[in-house]
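Visitor: I have a model open here and would like to talk it through. Could you take me to a strand to begin with?

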Amino acid sequence: MSKVKYYYDSETLSYKKIEQKKGRRLGIILLSITGSFLGGFILLMIYLNIPQIETPKEKALKRELQNMKLQYGLLNKKMDQIQDVMANIEDRDNNIYRLYFEANPIPEEQRKAGFGGINRYKDLEGFDNSKLIIETTKRMDVLTKRLVVQSKSLDEVAKLAKEKGQLLAAIPAIQPVNNEDLSRIASGYGWRTDPFTKVKKYHYGMDFTAPRGTPVYATGNGRVVRADSRSTGYGNHIRIDHGYGYTSLYAHLYKYNVRRGQKVERGDVIGFVGSTGRSEAPHLHYEIFKDDKRINPINFYYGNLSPEEFGKVLERAQRENQSLD
């Protein structure tokens with residue numbers, strides 16, 4: 001309760017109660033309310049114009065957010081660079097590597113396809129920087145898929161390269177005896193005069209003259225499937241299975257330097273020139289089979305002959321002379 005106030009009346013020599021007027025009381029109330037509103041407004045303006053005081057934790061979080069924005073920006077720049085490099089690799093993969101190995105190029109839509117179906121980025125929505133985070137994550141996902149596709153493609157190219165390398169190493173590609181001066185070719189593939197009957201007979205290989213004991217070389221990588229004298233006319237002979245349908249035959253040998261089942265590489269010495277079997281003089285009779293059919297060996301000397309040398313060999317091989325077996 002408010003205190004009752006009195007004043008001293010000198011005329012009556014007594015204390016009298018002070019009675020406040022109703023208007024004055026209302027004015028005081030209104031003045032108090034107005035003062036309160038005014039004071040609150042002033043305090044609000046002061047609060048809005050004075051920088052807010054941040055707690056250490058708020059400052060740390062703010063710095064962390066700014067750093068994340070910076071890192072996302074740098075990440076996007078790096079992804080731009082990676083995408084340029086990836087595009088270059090993809091272009092070479094389609095137009096060089098796969099073309100060389102006769103493989104179909106990978107369609108562009110398969111390399112750069114996005115991700116359909118459900119919203120994979122729902123958990124990243126609802127934040128101040130959701131757009132930045134979602135777009136960056138999408139780019140990362142697409143880039144990752146492109147890397148996976150390219151990795152599988154390079155695995156396939158590596159396999160094709162290995163197979164092609166094995167094929168190139170297996171195909172008979174050199175002359176079976178040392179013939180640097182190109183003078184050892186005695187007879188070629190085709191119709192020739194038989195040395196015994198003196199009539200025309202089809203000669204299914206090439207004859208190389210050489211002294212008895214001259215080394216004979218494997219013309220390609222493969223496995224020896226025969227090293228015996230059980231074929232009529234060939235005498236001591238060797239057959240090498242090169243794979244891919246190719247087989248080479250070396251006949252009239254003096255002796256062997258390999259055994260059946262042995263793996264050999266191009267250039268290995270497999271035997272020595274002789275004159276066993278149906279042979280008129282020491283020489284090597286050389287044949288090549290493709291899918292069990294005899295083919296002309298002249299087309300398989302690209303491994304150690306220049307174009308000029310090949311021309312000379314071809315000219316000698318085409319002469320219709322007498323064969324030596």
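Guide: Let us begin with strand β10, residues 246–251, in what is a predicted model; six of its six residues are buried, so the strand is largely enclosed by the rest of the structure.

Visitor: Which residues of β10 lie on one side, and which on the other?

Guide: Tyr246, Ser248 and Tyr250 are on one side, while Thr247, Leu249 and Ala251 are on the other, and with all of these buried, both faces of β10 are covered.

Visitor: In what sense do β9 and β10 pair, and over how many bridges?

Guide: Strand β9, which spans residues 237–243, pairs with β10 in the antiparallel sense, and the pairing runs over five bridges. Within this pair, Ile240 stands opposite Ser248 of β10.

Visitor: What do β9 and β10 form, and how many residues are between them?

Guide: The two strands form a hairpin with two residues between them, and in that turn Tyr244 has a positive phi of about 55°.

Visitor: Switching to helices: how far does α2 reach from its first C-alpha to its last?

Guide: Helix α2 covers residues 56–100, 45 residues in total, and reaches 63 Å from its first C-alpha to its last, which is close to the 66 Å expected at 1.5 Å a residue.

Visitor: Where is the kink in α2 centred?

Guide: The kink in α2 is centred on Asp93 and comes to about 40°. Asp93 is also one of the buried residues of this helix, the others being Tyr72, Asn76, Met79, Met86, Glu90, Asn94 and Arg98.

Visitor: What covers the buried residues of α2?

Guide: The cover includes α3, residues 108–111, and α4, residues 130–170.

Visitor: Which residue just after α2 takes a positive phi?

Guide: That is Glu102, which has a phi of about 60° just after the helix ends.

Visitor: Zooming out, how many helices and strands does the protein chain have?

Guide: The protein chain has five helices and 15 strands, and of its 325 residues, 31% are buried. Among contacts between residues at least 6 apart in sequence, 64% join residues at least 24 apart.

Visitor: What about the accessible surface of the chain, how much of that belongs to carbon and sulfur atoms?

Guide: Carbon and sulfur atoms account for 56% of the accessible surface, which comes to about 21,500 Å² for the protein chain.

Definitions and conventions:
Residues are numbered from 1 along each chain as its sequence is written. This is a predicted model: local features need pLDDT of at least 70, side-chain atom pairs count only at pLDDT 80 or more; totals for chains, interfaces and linings use all residues. Side-chain values use heavy atoms; hydrogens and water are left out. Helices (H or I, at least four residues) and strands (E, at least two) are DSSP runs, numbered from the N terminus. Buried means under 20% relative accessible area, exposed over 50%, partly exposed in between (1.4 Å probe, protein chains only). Contact means heavy atoms within 4.5 Å. Accessible areas come from the Shrake-Rupley method with a 1.4 Å probe; for residues, only the protein chains shown count as cover. The expected span of a helix is 1.5 Å times one less than its number of residues. The bend at a residue is the angle between axes fitted to the seven residues ending there and the seven starting there. Two strands pair if DSSP finds at least two bridges between them.
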